[in-house]
Structure formats: structure tokens, C-alpha cells
Amino acid sequence: KKKLEEIMHKIKLDESNQDEYIQMYKDYIKELQAYDSEITDASDSDALNRKHPSCEIYLFAECGEIVGFAILGMGLPNSFCGHDVFIEEFYVKKNLRRRGRGRDMMRVILDAYPSMDFSAFIIKDNLPAFAFWDNVFESFDYSERTSAGNIRALGDNTVFKYWTPYL
């Protein structure tokens, strides 16, 4: 049986890991700039200002190493109907991708919010993100809501996606 530190788990953002989180956030923003030139560089305060009452920052670790983060919003205006979990940001360190870590991170999140709907804005040209989200939600028995009442595109460069668990 694996110990907790050997499997993917959530850790608290604190002074001991704050600098690593800030660097990951900046790396994440730099990657997004490849898909959207209007995204500006991130400062330390940009990363830390994400800590507000309606959002939760998840840091993920495996075998003692931080592998990524997620910033989740609850009941935000961006959410589809105010009660879903809005995935504001999601990042896996580049050198650790394509090894199931993003899926493992989502398993932790889905376990924390069972039976909740999830939504996110995805930059239109970010094809790897579309593939990741479609695959990960399908693997956890979620379907994309595409009914006439669902908002599919917002803004010039983003697409709104909304997933709900199969009932």
C-alpha cells in the first residue's frame, strides 16, 4: 500500500512552497501567451492575489515533489449557473506532463466535489487543453453540456466548456 506522500495529494499553500507556486504560475502564464498575445506577464502579486474567498488554490504533490496547481472558484459570476466548480487555472509542470498527473490531480478535485458540475474557459487555439479536458472528464464519466441553453463561446479568443456527471 502506498503512503500518502507517494500518491497524488493536495497540500496547503504556505510560506514554505509559496515561491515555487509563484514560479509555476509565471510559467503557466508564459505558456498561455503562446496562444493569446493579449495575456500579460504575471507578477508575484498576480499569483498571490488569486487567494480570495470564492477561490481555492490547490497545490499537488507526489513523492515529495510539487507537480502542479489548480485554482478553483465556487459560485462565481463566470460559472454557468452559480453552483458549479469553475476551473480558473490548471497547471502541471511541463517536464511532468503526459504521465497521468493531470488526471490524478483531477481525481483529487472530483473527490473533493462529488457530483458537482465543472466549467472552464479554454483559449481557442490551445488544442492540447481541449484534448486534456475532454479526455479527463470523459474518463471520470462526465459529459459536456451542449444543450441550446449552454453558453459555448464567450469573447473572441475563448470557449466556455461545461461538464456534468452522468446520472
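Predicted model: local features only at pLDDT ≥ 70, side-chain atom pairs only at ≥ 80, totals over all residues.
**View 1. The whole protein, by secondary structure.** The protein has four helices and eight strands. Along the sequence, these elements run in the order β-α-α-β-β-β-α-β-α-β-β-β.

**View 2. Surface and interior of the protein.** The protein has 167 residues, and 44% of them count as buried. Its accessible surface is about 9,400 Å². Carbon and sulfur atoms account for 49% of that surface. Contacts can also be sorted by sequence separation. Take the contacts between residues at least 6 apart in sequence: 63% of these join residues at least 24 apart.

**View 3. Arginine 101 in helix H3.** Helix H3 covers residues 101-112, and arginine 101 is part of it. Arginine 101 counts as buried because its relative accessibility is 18%, and the cut-off for buried is under 20%.

**View 4. The contacts of arginine 101.** Neighbours within four places in sequence are left aside here. Arginine 101 then touches Met8, Glu62, Val67, Val92 and Leu96. One of these residues, Val67, is 34 residues away from arginine 101 in sequence. In space, the C-alpha atoms of arginine 101 and valine 67 are 7.7 Å apart.

**View 5. A polar contact between arginine 101 and glutamate 62.** Here two side chains meet. The side chain of arginine 101 makes a polar contact with that of glutamate 62, at 2.7 Å. Glutamate 62 is also among the contacts listed for arginine 101 in the previous view.

Definitions and conventions: Residues numbered from 1 in each chain as written. Heavy atoms only, no water. Helix = DSSP H or I, 4+ residues; strand = E, 2+ residues; numbered from the N terminus. Buried < 20%, exposed > 50% of the residue type's maximum accessible area, 1.4 Å probe, protein only. Contact = heavy atoms within 4.5 Å. Polar contact = N/O pair within 3.5 Å; in protein donor to acceptor, adjacent residues only side chain to side chain. Areas by Shrake-Rupley, 256 points an atom, 1.4 Å probe, with all protein chains shown as cover.
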